[in-house]
Amino acid sequence: VVCWDLSVSRARPKVTLVGHTQAVTCVAVHKGCESRVASGSLDRTVLLWDAERSNQPAHICRGHSMKIAAIEVTDKVVFSGSRDGSVRMWEWDSGRPLRVLTGHSGPVVAMTTMVAPAVLQGQGAAAYRILSLCGAGVLRLWNG
């Protein structure tokens, strides 16, 4: 994964992140801290990076049985969707697995996060939701 410096008139590589053993299939950047990067790969891992500190992964997240096809991030959580049909939740700061979401009948091919309605947040619900799409054309809405 190459992070580019776009603040100069001619963009140039800023840092190359090294860690996956096969091709990278998806990346996401933390919205509040652009040096925090999550990447997924054919090697079935999710790597969490702090590109300001190191070109090596801060955390390696394992658990999917097939390639990672989609990555989404919130302030504290990384979501990964895989060809194995699952969505996994990981803690940004530690890489610790938080939850496995199953229910798709095909491979997860895309995801997005949404802020949960304020009325739900006030009832103790998570502040975000994840919407995942599988190859069979089924959308699932999960409370994070």
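In strand E12, Tyr 128 is the bridge partner of Val 115, and this contact belongs to the antiparallel pairing of strand E11 with strand E12 (residues 128-134), which runs over 7 bridges. Two strands are taken to pair if DSSP finds at least two bridges between them. The model is a predicted one, in which local features need pLDDT of at least 70 and side-chain atom pairs count only at pLDDT 80 or more, whereas totals for chains, interfaces and linings use all residues. Residues are numbered from 1 along each chain as its sequence is written, and side-chain values use heavy atoms, with hydrogens and water left out.

The secondary structure of the protein comes to 1 helix and 13 strands, where helices (H or I, at least four residues) and strands (E, at least two) are DSSP runs numbered from the N terminus. Along the sequence, these elements follow the pattern β-β-β-β-β-β-β-β-β-β-β-α-β-β. Of the 144 residues of the protein, 40% count as buried; buried means under 20% relative accessible area, exposed means over 50%, and partly exposed lies in between, with a 1.4 Å probe and protein chains only.

The pairing of E11 with E12 is part of an open sheet of 3 strands, which has the order E11-E12-E13 and antiparallel pairing. E11 and strand E13 (139-143) stand at the edges of this sheet, each with a single partner strand, so one side of each is left without a neighbour in the sheet. The twist from one strand to the next averages 20°, with axes given by lines fitted to C-alpha atoms (for helices over the stretch in contact) and angles running from 0 to 180 degrees between N-to-C directions. E12 and E13 pair in the antiparallel sense over 5 bridges, and within this pair Ser 132 stands opposite Arg 140 in E13. These two strands form a hairpin with 4 residues between them, and Gly 137 in the turn has a positive phi of about 90°.

A further open sheet is formed by 4 strands in the order E7-E8-E9-E10, again with antiparallel pairing. Its edge strands are E7 and E10, each of which pairs on one side only, and neighbouring strands of the sheet are turned by 20° against each other on average, direction ignored. Strand E8 (residues 77-82) pairs with E9 in the antiparallel sense over 5 bridges, and the partner of Val 77 in E9 is Glu 91. Strand E9 (residues 87-91) is in turn paired with strand E10 (residues 97-101), in the antiparallel sense and over 4 bridges, with Val 100 in E10 as the bridge partner of Arg 88. The hairpin of E9 and E10 has 5 residues between the strands, and in this hairpin Gly 95 takes a positive phi near 80°.

The largest nonpolar core has 12 residues, namely Cys 26, Ala 28, Ala 38, Val 46, Leu 48, Cys 61, Ile 68, Ile 71, Val 73, Val 78, Trp 90 and Trp 92. Such a core is a set of buried Ala, Val, Leu, Ile, Met, Phe, Trp, Tyr and Cys residues joined through side-chain atoms within 4.5 Å. Strand E3 (24-29), strand E5 (45-50) and strand E7 (68-73) each supply at least two residues of this core, and its largest share, 3 residues, comes from E7. In soluble globular proteins, nonpolar side chains tend to be buried together.

The second largest pocket has a volume of about 220 Å³. On a 1 Å grid over the protein atoms alone, a pocket is an open set of points with protein on both sides within 12 Å along at least five of seven lines, and lining residues have an atom within 4 Å of a point; grid points are joined across faces, edges and corners, and the volume is the space filled by probe spheres set on the points. The lining of this pocket includes Lys 31, Val 73, Val 77, Val 115 and Tyr 128, and strand E11 (residues 108-115) gives the most to it, with 3 residues. By class, the lining has 6 nonpolar, 2 polar and 3 charged residues, where Ala, Val, Leu, Ile, Met, Phe, Trp, Tyr, Cys and Pro count as nonpolar, Asp, Glu, Lys and Arg as charged, and the others, Gly among them, as polar.

Two loop residues complete the description. His 104, in the loop between E10 and E11, counts as buried at 12% relative accessibility, and its C-alpha atom is separated by 5.4 Å from that of Gly 85, 19 residues apart along the chain. Ala 23, which lies in the loop between strand E2 (12-16) and E3, is partly exposed, with a relative accessible area of 43%.

Definitions and conventions. 1 Å grid on protein atoms, 1.4 Å probe; cavity = no way out; pocket = protein on both sides within 12 Å on 5 of 7 lines; lining within 4 Å.
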